[in-house]
Amino acid sequence: MKNKFNIKDSFWSYYQELVSDVILPYQYDILNDSVDDPDTEKSHSFENFRIAAGESKGEFYGYVFQDSDTAKWLEAVAYSLMIKPDKELERKADDIISLIGRAQQPDGYMNTYFIVKEPENKWKNLRDCHELYCAGHFIEAGAAYYEATGKRELLNIVIRLADLIYDIFIKNKTDGIPGHPEIELALVRLYRTTGAKKYLELAKYFIDIRGKKITDKENLLIFNSRYHQSAVPVREETNAVGHAVRAVYLYTGMAMTAKETGDETLLEACERMWNSIVKKRMYITGGIGSSAEAGEAFTMDYDLPNDTAYNETCASIGLIFFAKAMLEMTNNAKYADVAELALYNTVLAGVQRDGKRFFYTNPLEVDPIYTKKIPHYNHIYSSRPKWHACACCPPNVAKLIASLNQYAWHTDGSVYYSDLFIGGRYIPYENTVITTQTDYPYSGKVKYSVSGTENINIAVRRPEWCFSMIVTVNGVFYDCDINDGYAIIENLKDGDTIIVDIDITPHRVYSNTKVHANDGKCAFMAGSIIYCFEDCDNNDLNNYYADKDGEIILKNISDENIGNVNILQIPAYKMEQFDSLYRFKKPKTEKTRLVAIPYYAWGNRKEGKMKVWIAEK
């Protein structure tokens, strides 16, 4: 499948090349146990398939969902091949796909944990054992690899697997609730790829059965819990609950199913879940899932601690999936606003600039001493590890960045919506090209050039954070209507040029007073970028507070560790230090300036404290 949008961008091209040239080869070596480094977690994911295929001896190694790392890597490879053909990478992927086919059981079953370790327990613990979760990731990979290469081997493998699942749960009427949603969205994708309606039927079944009292017919572990989004039927749920990644994967599947079926009640449930997240349970960085103790989960409204925030990278990736599904149904820019926020901040923070280290959790405040010595902070990293025993995030980041072309534009058939400001070449239909040029996110100017069309309507997103956006068409001011957050420019033709000037002036941001972690504090934002403070720019962050009235200076710098970025110089006060624990005399202060860098860039230099929210006076 050819990309309708090919990215050529001053910001994102670096990351897409990093995925194809560094991240995917590096992750292949990790998954293949070829990295001989005592500081790097072992994967064994490929070897598990060799054992399952009878081509190697040994024991299954890793988590019950270890197969999913291979699936996500293959999906990322598919998107990368769409951007940049690579015969060696494709050969490696083909070899792994062939291995997976040899490991697949005659009835279509495919999960190395149960093939190797517990063959007698297949399908008996849907809550904890991730069989349907792993199946979902392989289904996505199969569809993507077919679209990228035209090769059907992996697609045929996952079709046999999906058919087995259909027979178990639909034909044989075996009731079961997936403990970790993913299969739902994957089945809709398989339906869109193959046109087989039974996969949509199966996706709808897995959505509709949640929260219902069901009979244990096959010794499956049946459960109803908020943690697994199954305490009540999905149409009756009022808040985003439970494990954050599972939640947004489920909501994505619900939204995709609603689009295909026209189910308004399902769309209404999705809108409730969206509002619950973005209005009361989401961090300023687009991070979600505030608690480690609650199980990487949502807790309650406004519970958004900074220094213990979980904010799994996968959760923000899932939030972007959810946003895309909602955007394609509603054409409302509020979904693109949140997708952009999560993308440029939490998701991008999940990968080191060199492509070989990854964050799993993404807190908004870090003290390395606390993370190493206080158990309460065990889940927080002050620097990115080379890999993780639970390695869901690294290949997920790779697949999102490699597939970013799918998130920049969408259409309802009559209007073409520019959802993300990314440079490149968009071909909405034959003989029509829209070329986008921009230095976003560090410049607010975006240029669209239209060629080869008689008449086209383009909608440009006006971000929620934008106080001013000026649109000109062929050099003349265009007074356009704003509809659900989009500026609509109509009847464009060959040779027309749109220039959009978006105000990215830095400004202070304040949270609702119900967010107790941010009492008396502010954060800083310029355009889509959230900023943070690091010790390496500001000696001991605990000694500062920001001046509420001073001018914020934006300055462009180039740094070998964090790239070409805009930094902020913020008026502040530095407090006098003293040795006693308490004293009666107020500390003296002196005027100074704090330096803030983009949040996504933190942790790329030396280890130290980091803060997004800072006290203000």
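This is a predicted model: local features need pLDDT of at least 70, side-chain atom pairs count only at pLDDT 80 or more; totals for chains, interfaces and linings use all residues.
Let's start with two helices. Two packed helices are described by the angle between their axes and the distance between the axes. Here we take helix α12, residues 313-330, and helix α15, residues 393-402. Their axes come within 9 Å. They cross at roughly 35 degrees. The crossing of α12 and α15 is left-handed. Who makes the contact? From α12, the residues are T313, C314, I317, I320 and F321. From α15, they are C393, N396, V397, K399 and L400. What classes are they? Seven residues of this contact are nonpolar, two are polar and one is charged.

Stay with α12 for the next point. A pair of aromatic rings is described by the distance of the centres and the angle of the planes. The structure holds 38 aromatic pairs. One of them joins Y251 and F322. The ring centres of Y251 and F322 are 5.6 Å apart, with 50 degrees between the planes. That makes the pair tilted. Where do the two residues sit? Y251 is in helix α10, residues 244-261, and F322 is in helix α12.

Now the empty spaces. Rolling a probe the size of a water molecule over the atoms shows where empty space is left. How many cavities of 30 Å³ or more does a search of the whole structure find? The search finds three.

Take the largest cavity. Its volume is about 130 Å³. It is lined by 17 residues. Nearest its centre lie K324, L327, A339, Y407 and L420. Which elements give two or more residues to this lining? They are α12, α13, α16 and β3. Helix α12 gives the largest share, five residues. By class, the lining has 11 nonpolar, two polar and four charged residues.

Next, the second largest cavity. Its volume is about 60 Å³. Its lining includes Q229, V232, E237 and M273. Y251 lines it too, and that is the residue paired with F322. Helix α10 gives the most to this lining, with three residues. The classes here are seven nonpolar, one polar and one charged.

Two or more residues come from each of α11, α13 and β14. The lining counts 16 nonpolar, seven polar and seven charged residues.

Last stop, the backbone. Most residues other than glycine have a negative phi, and most peptide bonds are trans. Let's see some exceptions. The peptide bond from Y440 to P441 is cis, with omega near 10 degrees. Where is P441? It sits in the loop between β6 and β7.

Then phi. E296 has a positive value, near 60 degrees. E296 is in the loop between α11 and α12. N474 has a positive phi as well, near 55 degrees. N474 lies in the loop between β9, residues 469-473, and β10, residues 476-477.

One thing to take away: look at α12.

How values were computed:
Residues are numbered from 1 along each chain as its sequence is written. Side-chain values use heavy atoms; hydrogens and water are left out. Axes are lines fitted to C-alpha atoms, for helices over the stretch in contact, and angles run from 0 to 180 degrees between N-to-C directions. Helices (H or I, at least four residues) and strands (E, at least two) are DSSP runs, numbered from the N terminus. A crossing is left-handed if the near helix is turned anticlockwise from the far one by less than a right angle, and right-handed if clockwise. Contact means heavy atoms within 4.5 Å. Ala, Val, Leu, Ile, Met, Phe, Trp, Tyr, Cys and Pro count as nonpolar, Asp, Glu, Lys and Arg as charged, and the others, Gly among them, as polar. Rings of Phe, Tyr and Trp (its six-membered ring) pair if their centres lie within 6.5 Å; planes under 30 degrees apart count as stacked, over 60 as edge-to-face and the rest as tilted. On a 1 Å grid over the protein atoms alone, a cavity is a set of points where a 1.4 Å probe fits but cannot get out, and a pocket is an open set with protein on both sides within 12 Å along at least five of seven lines; lining residues have an atom within 4 Å of a point. Grid points are joined across faces, edges and corners, and a volume is the space filled by probe spheres set on the points.
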